[in-house]
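Okay, thanks everyone, I'll keep this short. Let me put the model up and then walk you through a few spots.

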Amino acid sequence: MDNIFFLIFRRMRWPLITLVSAYSIAVLGLVLIPGQDAAGEPWRMDFFHAFYFVSFMSTTIGFGEIPYEFTEGQRLWVTFSLYMTVVVWVYAIGNILALVQDHTFQHAVNELFFARRIRRQREPFYLVCGYGQTGTALVQALTDRDQNVVAVDIDAQRVNMLKLQNLRQYVPALHGDAARPVHLLEAGLKHRKCKGVVALTNVNEVNLKIAIAAKLLHPDIKVICRADSHDVEDNMASFGTDHIVDPYDKFARHLSTALQNPGLHLLHEWLTGMRHQKLEDPIYPPLDGGWIVCGFGRFGGAIYHRLLDENIETVVIEAEPEETGAPEGTVKGRGTEAVTLEEAGIRTAAGLVAGTRNDANNLSIIMTARQLNSDLFVIARQNHLDNTEIFNAVNADIVMHPSSVIANRIRVLLGTPLLYEFMSLALYEDDQWACELISRIIAFVQDEVPEVWEVEINEEQALAVTEALEAGNAIELGDLLRDHRERDQILPCIPLLKLSKGTRVTLPADDCRLKVGDKLLMCGRLSARDRMEWTLQNDNALCYVLTGQVRAQGWVWRLFRRDETR
Amino acid sequence: MNPEKVAFGFFIVLALTLNFGFFLGELDNPDHHHVYELFAAVVVNVIATILKFGDRTQMGAVLLATSLVAVLQLFAAALVWGVAEHISGTGLTPAITSSIVSLSGGAMLANVVSVVLLVIETVMLRR
């Protein structure tokens, strides 16, 4: 606010002073020049009339000469002051218009409106720093789940793009450098409704600074960072950044899950999918037969080590093996030529990873390799979002897009953190367990991924249940799964995880007792979520589900019923 | 030497001196208070006020406030004069004159505060 007043006043000083001076000169002249009244007697204009005349003269021109007709001398003076005041007005107005169009001024105004909007934010929100590919995908995903987001980006163009995007929620966006704490504060870092900060800029240093600022200024919120090197990752972890997302490591871990336990990988894909996403088919990366990894950067390196852990014979193709520290036996070359691929043994290989930093090269590798060996299992690394169409056309078995890997993971971390606990527990289970769960899920979902949601038994999310529990009633998990319209019907959903005072139970049984403060992770159809809400929140629905009796709702009816039972 | 400070000091002191010149004389005698002097005082006070716009310091804020007070008082004085002369038609009776002059006296007090503040600021800068 201060800034804007300051700017306006600073800029308006000279125009106003010239305006005042021009007016006073014109007024003074009119007072000093002798005139005459209607009868021809000498008469002098006083200040009152002079000010009145000058005021309308310079703005409208043409009220006539008042109170008496002017003498020649007065007319000469009026002609002069007319031009003077008009020019001064044009100068003053031009200055105001220039100020309004001024870039600095507009920025100050925008920042003011932004800060005011954030201060008035009454709902919990996440602060997303960096609105590039990853940020765009994340904001889209979060707003689709009705979460509030505030975005900060250093590039004005990206901020403008955000305004054009068709998002479900309004996303206030600030054009500013997130590395400067001032901008983070303006964006609501210290706001009590700020639930978390996500640092997604391209620059590791900036992400690091955001994490530090967030941890120092608002220690109890969740901080999630993107990191592209192990060095920065360790640094971020050292001061307690809650989650650090490295897309390449993350993907390599998925791949090794897919190799060991395809069912679990499929389960993961389904549960973490975007709403309304189509169900994917399971993938079976080949375990027997060699793999070829093209490009030994962070991505290729992460995959290579995972494949080694699985005891899979792997050959690396790398254009600059010395600089990247590629392992021994590496074939030198880009992998786009048939010669290098042949040298690496493409004809007998089972899997191929096209993992260079260049999208065109990756596509070229895949197409060349397919010509030499059509049965390859292909993993493609897609670097730019714009190339989605061609990557779809090349039909790779897995397409790895770093931005969407990060966005997806963060979305789950923010939206349903219990899901990550569930998946880490699921890693201890075998393929059989995963396949059984998948077949249970298939039974009630159609062709879209199931909805995953969390329920906490507290007054906000489950008022009726909490009150009943506090009154001493026993409620089993199975009761919540009944349909509140017809209690013999079971809702199309599965409880995945129950968190109760630190104990975690995967796939809890229907007869386990609920306690206040328990957290549940559910997966099922979207409609089941809405119906379950009734049972959780509505006393009468809960009563019906528990006992099968429809309770009298009003006071009068209860009075009658009491008579009946007597 | 900072030309901005020269102009600033000039207008603030001029506002006070003109104001004082108008105020000087018998309180209820219209002959002792000339309308031109009031006009000059009003114009210079307005300019002095505008000059103080956009100063972010604490001192600047107080200076702006005192100037606004002076301008307000002088406007009131001019308004009383205009009403007496043209609207009610009573002319400058001793009662009207004394109220005009006392209003300008109030403005002068505000101008004195302005000048004192200016002097304090100058002394504190010690340059």
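So, when I say nonpolar core, I mean a set of buried Ala, Val, Leu, Ile, Met, Phe, Trp, Tyr and Cys residues joined through C-beta atoms within 7 Å. And keep in mind that this is a predicted model.

With that, which residues touch the most other members of the largest nonpolar core? That core has 85 residues, and the ones to look for are A:Leu127, A:Val128, A:Cys129, A:Leu138, A:Ala151, A:Val198 and A:Ile292. Take A:Val198: leaving out residues up to four places away in sequence, A:Val198 touches A:Tyr126, A:Leu127, A:Val128, A:Cys129, A:Leu138, A:Ile224 and A:Ile410. There's also a second, separate core of 42 residues, and its members include A:Ala22, B:Phe39, B:Val46 and B:Trp81.

Okay, on to the contact between the chains. Chain B puts in 13 residues and chain A twelve. On the chain B side, the elements giving two or more residues are helix 2 (35-51) and helix 3 (58-87). Helix 2 of chain B gives the most, with seven residues. By class, that side of chain B has eight nonpolar, three polar and two charged residues.

Last stop, a helix pair in chain A. The axes of helix 11 (residues 262-271) and helix 19 (residues 431-444) come within 8 Å and cross at roughly 40 degrees, so helix 11 of chain A is oblique to helix 19 of chain A. The crossing is left-handed. Among the residues that meet there are A:Leu267 and A:Trp270 from helix 11, and A:Leu437 and A:Ile441 from helix 19. By class, this helix contact has nine nonpolar, one polar and one charged residues.

Technical notes:
Residues are numbered from 1 along each chain as its sequence is written. Chains are lettered from A and ligands numbered from 1 in the order in which they are written. This is a predicted model: local features need pLDDT of at least 70, side-chain atom pairs count only at pLDDT 80 or more; totals for chains, interfaces and linings use all residues. Two residues are in contact if their C-beta atoms, placed from the backbone, lie within 7 Å. Helices (H or I, at least four residues) and strands (E, at least two) are DSSP runs, numbered from the N terminus. Ala, Val, Leu, Ile, Met, Phe, Trp, Tyr, Cys and Pro count as nonpolar, Asp, Glu, Lys and Arg as charged, and the others, Gly among them, as polar. Axes are lines fitted to C-alpha atoms, for helices over the stretch in contact, and angles run from 0 to 180 degrees between N-to-C directions. Angles under 35 degrees count as roughly parallel, over 145 as roughly antiparallel, 65 to 115 as roughly perpendicular and the rest as oblique. A crossing is left-handed if the near helix is turned anticlockwise from the far one by less than a right angle, and right-handed if clockwise. A residue is buried if 20 or more other C-beta atoms lie within 10 Å of its own, exposed if 12 or fewer, and partly exposed in between; C-beta atoms are placed from the backbone.
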